[in-house]
Amino acid sequence: MIRKLLRKVFNRKTSTPESLTKLSIITSKHHGIRSNQITSCALKIALNLQQAGFSAYLVGGAVRDLLLGLVPKDFDVATNATPEEVHKIFRRSRIIGRRFRLVHVMCGAETVEVSTFRGPSPDEDENPASKKSIDQHGRLLHDNVFGSQEEDAMRRDFTVNALFYDPVKEEILDYLNGYEDIKAKRMRIIGDPVQRFREDPIRLLRAVRLAIKLDMQIDAETAKPIGDLAPLLQNVPPSRLFDEMLKLLLSGHALACVVELRMRGLHHGLLPMLDVILEQPLGERFITIALKNTDERIRQNKPVSPGFLFAILLWHEVLSYWNSLQASGEKPLPALFEAMNHILSLQHKKLAIPRRFDAVIQEIWAMQPRFEARVGRKPFRLLTHPRFRAAYDFMLLRCESGELSTEFGEWWKAFLSADNAEREKMLPKQTTLKKGRKKRSRKKSSSSSAHTPENTIDNSDT
């Protein structure tokens, strides 16, 4: 007991050291944010909470993006009201989460996330049960300790995400110099970088994604431990890792992010053998072209399928395993399906790609050999497949990267643009000869089977 008391008096950690926090208030004259830039739902929630006697501010990425002249993807609200109190005020709301308890408030089709100000994690000596909230690597397992607004600012990840905007007074409250960091284009983690990355290793990926997306430089002290702490990502639940990777790949800056991930040693283990793929000339070219095309589509506000993206990233894994199976004597198609199942099985353990994407990924892969079979009615049947367009785009990427002959891509482009009569003429000439043999074989006796193998090949659909 005496030892605990002495530790408390002399070594106690304060959650908001004076050296780290100093409140600055930025007025509308300087920050330039206007209420018409904020959705009516977010404004209504903040106003209603304030009218009920609580504090309520817009927080996080929305404030940051507005200051950078970007359109926020969504708006979050932070308050000193507990989740139960928020739920009581808003009829259309629900409390969610276990690690972080939040409230989702619905206004029509829009959903706004409302969080209660977080406080520091309890000291293990004061509360032995708090040990259960942290794993052996320092990752927070539960974080439902509520606190003050200043403490909440300290609990956020980066200074640029720790700004509070009061929509009534039109003021920004800044405890950690985040406003200046935004102006300086600097990405800086709050507190001790090693401790904060250990609390949530996803911040390692988020630092890279946000820095690239916002055109910022990662602060030197923040960047220093990133490479050494990369193995901590193996302890993150696969579902959270998948969500963060999806945000990265759909950010519109996927190519730059993947390059940065490799430079900082964060690519190992995120996708099986992604590091090996990026070191192979053919694989690197394939992924580079694909991610570049994806980024362009997102910037043009065109849809991008997550299934298509992961089919791209895992294809050379499948291709390598497929080739090895064929080299050992397996037939091509059974070998392909075995390779597909093997790679997806590995992937589910690593990144937890939801199984709803499996069908899309597998169909895109399984259709690839069919683009090389341009005989009989096979090209026509391929056109009617529901996934034809995705598989076709995938095949063109293979041609562009040098994996397939460009002749295949040119032929299929011409086939798509032609009418039915022209398509018939484009089929190889030997197809007509085979059809003629088929007709003659019907007139022969049933004992004749000279052309049976050819008929089977003509009418099969690989």
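These legends walk through close-up views of a predicted model.

Local features need pLDDT of at least 70 and side-chain atom pairs count only at pLDDT 80 or more, while totals for chains, interfaces and linings use all residues. Residues are numbered from 1 along each chain as its sequence is written, and side-chain values use heavy atoms, leaving out hydrogens and water.

**View 1. The largest nonpolar core has 96 residues.** A nonpolar core is a set of buried Ala, Val, Leu, Ile, Met, Phe, Trp, Tyr and Cys residues joined through side-chain atoms within 4.5 Å; buried means under 20% relative accessible area (1.4 Å probe, protein chains only). Ile-45, Leu-49, Val-114, Leu-266, Phe-310, Trp-365 and Phe-394 touch the most other members. Helix 16 (residues 306–327) gives the most to this core, twelve residues; helices are DSSP runs (H or I, at least four residues), numbered from the N terminus. Apart from this core lies another, of 16 residues, including Met-395 and Trp-412.

**View 2. Here are the surroundings of Val-114.** Leaving aside neighbours within four places in sequence, Val-114 is in contact (heavy atoms within 4.5 Å) with Ile-45, Leu-49, Val-77, Thr-79, Val-86, Leu-102, Val-103 and Val-105.

**View 3. Helix 16 packs against helix 17 (residues 332–350).** Their axes, lines fitted to C-alpha atoms over the stretch in contact, lie 8 Å apart at an angle of about 135 degrees, on a scale from 0 to 180 degrees between N-to-C directions. The two helices are therefore oblique to each other: the term covers angles that are not under 35 degrees (roughly parallel), over 145 (roughly antiparallel) or 65 to 115 (roughly perpendicular). Among the residues making the contact are Leu-314 and Tyr-321 of helix 16 and Ala-339 and Ile-343 of helix 17.

Notes. Buried means under 20% relative accessible area, exposed over 50%, partly exposed in between (1.4 Å probe, protein chains only).
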